[in-house]
Each structure stands twice: as C-alpha cells, then as structure tokens.
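Subject: Structure for you, with notes

Hello,

Here is the structure, with the sequence alongside. My notes follow below.

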Amino acid sequence: MMKGFLNRDRFLTILENVNIWDVIIIGGGATGLGIALDSSSRGYKTLLLEQSDFSKGTSSRSTKLVHGGVRYLAQGNIRLVYEALQERGFLLKNAPHLVKKQKFIIPVFNWKMGVLYWTGLKLYEWLSGSLSFGKSIFLSKDEIVKNFPEIKSTELKGGILYYDGQFDDARLAINLAQTCVQKGGILLNYFQVKNLLKKVGNKISGVVACDLETKKKYSISSKIVINATGVFSDSISKMDESSRPIFIKPSQGTHIVLNKSFFSSSNAIVIPKTQDGRILFCVPWNDHVLVGTTDIFLERSVLEPIPLEEEIDFLLQTFNKYFVFHTKKSDILSAFSGLRPLFVSNNSYFSITKTKDISRYHKLMISSSGLISIIGGKWTTYRKMAEDTVNKAIEIGKLSKTPSVTKNLKIYGSDFSDKSQNHHWNKYGKDEYHIKKLIDKDPLLGAFLISKDSYFYTEAEVIWMVRYEMARTIEDVLARRFRLLFLNAKKAIDIAPKVASLMAKELSKDEKWEKSQVDAFKELAMQYYYPSV
C-alpha cells in the first residue's frame, strides 16, 4: 500500500500494537493536523484522534484565504501580519496544487481613505519581503468597472489592486493528514476522547478514547497529550481540571455562496469598512462566488453552527449596496458558518464586546498536569503554531530534541502534473493517476455524479475517498472531499442517494445504512439551503 493512503482499519491495527506514544493530539482540524505533521516529521511516535471527520469544524468553513490579514495592520498587529505573510509564502511553495496567488481589489469611494489603504497595502507588501505575491497598484474608476462590471460606480473614485492567497481548506486538511502518514504518523477520525489518564503526581499519561463506529473503548498511553480542539478546547481542559476557568470566546463567521452570474470577475473584491465596521470579501471560488464573513459572539460552541438570519441579511444587504443586483435569499446556493476559537484572559472574558478587539495570535497554555492546549490562531499560520507547540511538547515530555523541518516540507499532492489553474484533478496530485486507473479497470466509474452541469465529480472519486481518504459518511464526501454542500446544497441533496449507494458497496453496508445516511444528510443540508419561497 502506498505511503500516504489513509486506511482506518490499518491504523486501528497499529493502535492496538503500540504500548506508548510520544505524542497524542486531540483534534483533527488545521491546528491538530499541523501538529501531527510537525511531530511525525521530527520522528516522534504520533497519534491524532478526531471525534468527527478531519476539518469538520471551523477548518473547512473559512473564507478560503491564505493571507497576512490586511485588517490586522489597522489594529497595529504588525507581528501577526508579518508572521502570517511568511507562512503564506511557505504554503505556496509547499502546496502549490492547493494554494494560488489571487488578485484582490479594494474599491475607493473617498480619496482620504484611498491614501490610507494605499499606505497600508504598501506596508503589507513590504512586510512580505522576498515572499511577496506581487506589487500593489492603483486602478482608475474605468479599470475597476472593467474588472467588476456589476459594481455600482456612482461614487467610485478608483481602487487598489493587491495580491494575496487562496486555497481549499478541507482538501489541505486531507493532504496534511496524508503527509503525516507518509512520515509515520497515525490518525483516526470518529474517535472521541472521553477522559484523560493520569499517573502518580497527577501527571497526564494518556487518554481514554472511544471508537464511535464500534463503540470500543481504548486506554492509550503517551508521554505528551496536546489539546488542539479549537472552539472545544475548554471541554478537554475541564477533563483535566474541573474548576479550570473558561478561555474560549467563540465567534461565528457566516458565508453565502452565489452563482458566478452575480460576480463575473476572476478577481476578488474587499470592502474594507462595511456599515458595522467589518471587512467583507467577495471571492471567486470553484466557479461560484463566496461572500463573507460575519463576526459575532456566540454563547456556546457547537459542531454544526447554523447561520443566523441577521448574518444572512447583513451579507445580502452589504452585497446589494455595492453591486447592481437585488440579490435575495432564494439566490443563495449555500450558506455556512464556522466558529473562531478566540482566546481571552479570564479577567476580560465578560468585558470584551467586539470580536475585532481580540487578537488572532495563538496562545499556548500548560496545565499543572502537563496538558498542552493551543488556542486561537488562523489557517495561514497553522505550520508556525504547530512548530511552537511541538517545541513545547519536547520540553514538557522530555523528548529527544529534533528541529522542525516543515518550512521546506512538500505537502502530499504537491507533485501534480497538470498545473492549469482550477483544474478539477489538480487537487489530487499523483493520486489523479490512481483514480483514473480505477476508471480504466471499470469505465462505468467514469460517469459524472451530476450530468449537464459544471460539476465534474466522478463515481471513481467517491470510491477513492472511501478506500484511501477515510471518508465514512455522505457528508464526509459531499461537504469536505468534494465541496458540493458548500457550493450548492440543492445539488448535494440530489446526488446524496447515489453517493450513499456507492459508499454502501465499498463499506459493506446494508440498505438501512444507506437510508439513514441519506436522511441524516438531507436534514443537515437543509441548514445550508435557502429554497425559493
């Protein structure tokens, strides 16, 4: 079997034969996967446990941007921006099949603000140094209208073009898992940590975890346990110390996806200051346009956050303010929300009222029992967060010192052959060859799941995702390995029965499993869907 293939049965066999791990990571989002890769590539015996699917939570629900964060400059957070711009450069170098340079344009409606934006973007460009994505330039009003034919141009003065990065978050998560396996790491999805093991002196010595598919419980020993569960970090911390104060203040970011007829440009647009002070992005994504994001506090963290009506209304109203269409809820093809794990100190938990007042910089916390928790951060800086965390794990767990190698470590799939942008097969890298071999053996698997449309998903890919990418449910396939649930919820509902049938054969499941999968997926997908009234 090729190194890098994700195979749950093989991983379970290995789990049962290892007495003690060097590092156990709880959480399979961007942070956890990054840590697992950093740890395994240094040679440590590494195990990652995820209660759902990889990147099921926040990490598959981003604005799909690899960026320094222009708005953080306005807050004076130069360190975060500088670090993120460096990491953006490493990501482009190490995962060119998923990360691409993207032109962004800020329209200017006021000359004074225009000068401010220009200064900020030149600083942004300078901070990126040799890893710059391109020079920012000023565009005239006519050039802006040429770029965005749908923009309202009445008060438009001009605009500034700058460069940033764009990527597929959920696919990068799968590729990080595959790279980790290539380096000897083991990852298990649908594996929930129920408790922490402790030895004499109240020091953590492992976890108690349950395989959610078989309900079998495991006591797993390790030298270090890392809590990388994002918005759920406090729940793991409470297993360690029940009286532990709360440090996570979750904020929700919602996006809507529209047909590209509403936004025909291949360039992205940034509205730097909306009515309530937030930034709004309109970004071309997989032949659609992604509009977001909102930023509002939530009372509690949930695995499947639902967009609030006020968020949807805000996005539509803001989009309609700048573009000529009267976009309605029924025009939304999909709407989804993600939760940001914002770190706040215990003293300011109740006094902070705006999410923008909380730094996006990551924070490492070490409990008296030796539990390492990593909180905050963002996708772009996942690699640096991982390096910092593993460095701390070496110190706490007294592991043999080995430096991080991830700055120059190519991500699985980066060896793709066809470098044409947005090509359907690019994301698979060498695996394109293996998937097409499945079609050669059985030409029927070359059939498209959706006919007469611009979605080029084949039956062979579903088989591949189950066999070698650990897809266990319809949602795993349609939400994260394909991005269809996020692009067009109605189409995803339409093909769910076909996907269930293909998966059932591959997983040796019966009709009852198929039906329950389809019913569960339809119920979920309706939360993304705004049908015509």
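Is D287 buried, partly exposed or exposed? D287 counts as partly exposed because its relative accessibility is 42%. The cut-offs are: buried under 20% relative accessible area, exposed over 50%, partly exposed in between, with a 1.4 Å probe and protein chains only.

Some ground rules. This is a predicted model, in which local features need pLDDT of at least 70 and side-chain atom pairs count only at pLDDT 80 or more, while totals for chains, interfaces and linings use all residues. Residues are numbered from 1 along each chain as its sequence is written, and side-chain values use heavy atoms, with hydrogens and water left out.

**Backbone**

D287 sits in the loop between strand 13 (280-285) and strand 14. Helices (H or I, at least four residues) and strands (E, at least two) are DSSP runs, numbered from the N terminus. The phi of D287 is positive, near 70°, and D287 is not a glycine. Y190 is another non-glycine residue with positive phi, about 55°. Y190 lies in the loop between strand 7 (186-188) and strand 8 (191-199). At 12% relative accessibility, Y190 counts as buried.

There is also a cis peptide bond, between G292 and T293, with omega about 10°. T293 is in the loop between strand 14 (288-292) and strand 15 (296-297).

**Cores**

A nonpolar core here is a set of buried Ala, Val, Leu, Ile, Met, Phe, Trp, Tyr and Cys residues joined through side-chain atoms within 4.5 Å. The largest has 62 residues. L49, V207 and I220 have the most contacts inside it. Helix 7 (residues 169-182) gives the most to this core: seven residues. A separate core has 49 residues, including Y457, V477, L484 and A496. In soluble globular proteins, nonpolar side chains tend to be buried together.

What does V207 touch, leaving aside neighbours within four places in sequence? Its contacts (heavy atoms within 4.5 Å) include I24, I26, L49, V193, Y218, I220 and V225. N195 and S219 are also on the list.

**Q51**

Q51 lies in the loop between strand 2 (46-49) and strand 3 (65-66). At 29% relative accessibility, Q51 is partly exposed. Beyond four places in sequence, Q51 touches Y190, F191, Q192, L212, F232 and L303. The side chains of Q51 and Q192 make a polar contact of 3.0 Å. A polar contact is a pair of N or O atoms within 3.5 Å; within protein, one must be able to donate a hydrogen and the other to accept it, and residues adjacent in sequence count only if both atoms are side-chain atoms. Q75 is 24 residues from Q51 along the chain, and their C-alpha atoms are separated by 36 Å.

**S334**

S334 belongs to strand 16 (residues 334-343). S334 is buried, at 0% relative accessibility. Its side chain reaches two backbone oxygens: that of L485 at 2.7 Å and that of F486 at 3.4 Å. Other contacts of S334 include H255, I256, V257 and Y528, with residues up to four places away in sequence not counted.

**Salt bridges**

How many salt bridges are there in the whole structure? The search finds 36. The criterion is a side-chain nitrogen of Lys or Arg within 4 Å of a carboxyl oxygen of Asp or Glu.

- D38 and R42 pair at 2.6 Å, N to O. D38 is buried at 0%, and R42 is buried at 6%.
- D388 and K384 pair at 2.8 Å. Both lie in helix 10 (residues 382-397), four residues apart, about one turn.
- K392 and E395 pair at 3.4 Å. Both are in helix 10, three residues apart. K392 is partly exposed at 24%, whereas E395 is exposed at 52%.
- D53, K56, R61, E304, E475, D476, R480 and R481 are linked in a salt-bridge network.

**Surface**

I78, Y82, L123 and W126 form a nonpolar surface patch with about 430 Å² of accessible area together. Areas use the Shrake-Rupley method with a 1.4 Å probe; for residues, only the protein chains shown count as cover. Patches take residues with over 30% relative accessible area and no salt bridge, joining like charges within 9 Å and nonpolar side chains (Val, Leu, Ile, Met, Phe, Trp, Tyr) within 5 Å. Helix 4 (78-94) and helix 5 (111-128) each supply at least two residues of the patch. W126, in helix 5, is exposed at 65%.

Best wishes
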